[in-house]
Amino acid sequence: MLSKNQIFVVAAAALMILAGLVMPYWFSFLVTVALAKGLVVLGLVILMRAGLVSFGQGLYYCAGAYAVGAFSDYFQTDNVLLLVLVAIVCGLVISSIVGLLLSRYRDIFFAMFSMAFSMILYGVLVKSAALGSSDGFNVTKPSLFGWAAEFNGTNLLSYWVAIILACVAGAIIWRYMRSPMGMTGEAIRENEIRVEYLGVSVQKIIYIKYIIAAVLASVGGSITAMTVGHIDPEMAYWTTSGEFVFIALMAGTGHVAAPLIGAVIFELMRTFAFQLSPYTWQMILGIALLSIIIFLPNGLWSLTDKFKKGAN
Amino acid sequence: MLKTISKMAVYGAVAFGALTATAQAADEYKLGLVTFLSGGAAGPFGVPAKNGADLLVDALNAGTVPAPYNKVGINGVKINPVYVDEAGGATKQVSEYRNLVERQGVNAVVGYISSGDCLAVPGVAEEMKKVTVLFDCGTPRVFEEADYKFVFRTAATATMDNVGAARYIAEKVGGLASVSGINQNYSFGHDSWNDFTTSLEQIKKGVDVSTKQFPKIYAGQYGAEVSALMVNPAEVVHSSFWGGDMEAFLLQGAARGLFEDQKVLLTCGESALYKFADNFPEGAIVGARGPNGVFAPKSELNDWFVKEYEARYGTKPTYPVYHMVQAIMGLKLATEKAAANAGEIPTDEAVAGAFEYLEFDSPAGKIAMTNGNGHQAVQEMVFGQVSKENGEVVMKDVVRYAPSCVNPPNGVKAADWIASGFEGAVCN
């Protein structure tokens, strides 16, 4: 039997999928890219709850995107399932190697090391003329066994894939966060030595969290690549990773839905800031983040608690 | 959660309403203009280009541009420019492109300085069937890797900068035995250096490469690179630097005497020729990515344009301004050619059809859309050397290369063309 929450999520997802048929194209595109980023931020939130801030999620975001780009070009395939799978494997392989080192570090050292690895990927890609250097290259539009999901000239497949993946990932992570292993994250943040004394390997817990975050980031990268149709090394640049941290801080780490909704709000805010003041859009974003940090230190999600308290 | 979702639904509805409202306005020609308004490329390229667009749009709306551009606005419809910042990367730009077309309801888009954006945007332009003119980016890959129906580029590719540069130094620099290079570590820097060295191999055999340096873009400090260039001297130092990087390199190189016995060749030099005139060493070889600025051929249109620009902004127009202006002019002519009656805005299909293989005059002389199956312009390429007379910069030893001398024929990839020894090139 499905619980009330599960029914709600499935209904919301179904509604969003149907809404894709009537919403304007720019909006479904924005939601797709936002959900892709939201998945990356979801991974970041898992790490943040364990007290680790990664400034290098761009590494997996970019690796996932390039895996999709290179694979679809080399094997001449545009099957969305295959491409997402390739990105997952790519994120899994890289993170299980890099994670061995990173899971030994905490605080600023973890942040800096994670950033260093993403900048290495950036540096390598910029030097690779075959991959288009800093200009990157174009990626084919995805299809589902040849079906492109075209409606009025609008390709809805990546939008639907993004919604489904976000819901599935959100549900899995929601369960994970409530499992003993997920809960250990907060314990590690509060007191790592006590956790060790309880007989749990902190390094192993963090290693697994790191891999989960990496896989989510590469899935996000694969969705971005298929939706935008173009990838470049900028995806691994530290400012991209910084944007994920920005969204995480803005949204809050209280719930799995927070990063996904936060990413949509961030993209909406940015696009209207772009439109309303082409010269000072950065200032609008900066002021927004500052006021959220000052007035809502736990992110936008803490608003829901306030509403709940107000209702009681 | 419910509240957030219902809130989102409201936002969506508001945005949808805004969209349907804008789509109805048709008494103006909405022109989407995308250039860098923030970041490192805004100062040398983005803002001058925007200034050029402002000037031309105002003059077109007033009907004061010389013939054949003397019709008001575009085909009698006044132009309403909508600006978007190009900052934020290709993903952001693809997203903003959709917003321009759907939310703002623009009639056409002119824009893009970054080659990455120029590669990313055509895909969505084709999907949305919207006439789009790329105005400044240099990579030849745009029309080499794909065919587009609605996408055009009215400025020549960066290939001709470096083919022209190689031809120029082979001709004008006596005793040329070696070259060295300092280029930014990104696509444009790598491509420029590759095109330059491979062209030089074809034109003059046996020229050595003393050293090649690829500092980070926006590095600003070139102490180590200048040392490397000085201990490995060459007759010519090639650089595709632009903006603050070029200025910093010129200042730091001059302070250490780098340019005293090595000639510096700046393929994008003209973009800073007026702003940093004092920093250019005597005899520096300078290009303008086409016959722009000081190299523009004399014409009534160019005289008008330079005079107006100088009066409004207090400086002479540089090449990004020329690129912007010729893009809008090309779009205007194609639209008017496609329109049956004055005051009508033709369909994107009709405009795209009229734009193909279009030839038109611009302040930078003749633009011919002959490459990329009628979607990519070729222009002549000009190089000259800086000379200062009474504090004013003048160009000496100017050499003009015909379009067919420095651009590959239609359908041939730039790299293949250079490797083939410029097969089919016709030089004057």
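Modeller: Let's begin with charges: over all chains, the structure holds 20 salt bridges (a side-chain nitrogen of Lys or Arg within 4 Å of a carboxyl oxygen of Asp or Glu). Bear in mind that this is a predicted model, where local features need pLDDT of at least 70 and side-chain atom pairs count only at pLDDT 80 or more, while totals for chains, interfaces and linings use all residues. Residues are numbered from 1 along each chain as its sequence is written, chains are lettered from A and ligands numbered from 1 in the order in which they are written, and side-chain values use heavy atoms, with hydrogens and water left out.

One of those bridges sits inside chain A: K37(A) pairs with E267(A), with 2.9 Å between the closest N and O atoms. K37(A) belongs to helix α2 of chain A and E267(A) to helix α11 of chain A, so the pair ties together parts that are 230 residues apart in sequence (helices are DSSP runs of H or I with at least four residues, strands runs of E with at least two, numbered from the N terminus).

Now for the place where chain A meets chain B. Contact here means heavy atoms within 4.5 Å, and it brings 39 residues of chain A up against 42 residues of chain B. Together the two chains bury about 3,800 Å², 61% of it on carbon and sulfur atoms (buried area is the accessible area, with a 1.4 Å probe, that two parts lose on being put together, summed over both). Of the area chain A buries against chain B, 18% comes from W26(A), D135(A) and F274(A), more than from any other three residues.

How many salt bridges cross between chain A and chain B? The rule finds one: the side chains of K141(A) and E127(B) meet there, 3.6 Å from N to O. There are also 18 residue pairs in polar contact between the chains, both residues at pLDDT 80 or more (a pair of N or O atoms within 3.5 Å; within protein, one must be able to donate a hydrogen and the other to accept it, and residues adjacent in sequence count only if both atoms are side-chain atoms). Several elements of chain A each supply at least two residues to the side that touches chain B, among them α1 (4-19), α2 (25-49), α9 (202-228) and α11 (257-276). Of the elements, α11(A) gives the most, with nine residues. By type, that side of chain A has 20 nonpolar, 13 polar and six charged residues.

Chain B has a meeting place of its own.

Finally, the structure holds two disulfides over all chains (cysteine sulfur atoms within 2.5 Å). One of them joins C118(B) to C137(B), 2.0 Å from S to S.

Definitions and conventions: Nonpolar A, V, L, I, M, F, W, Y, C, P; charged D, E, K, R; others polar.
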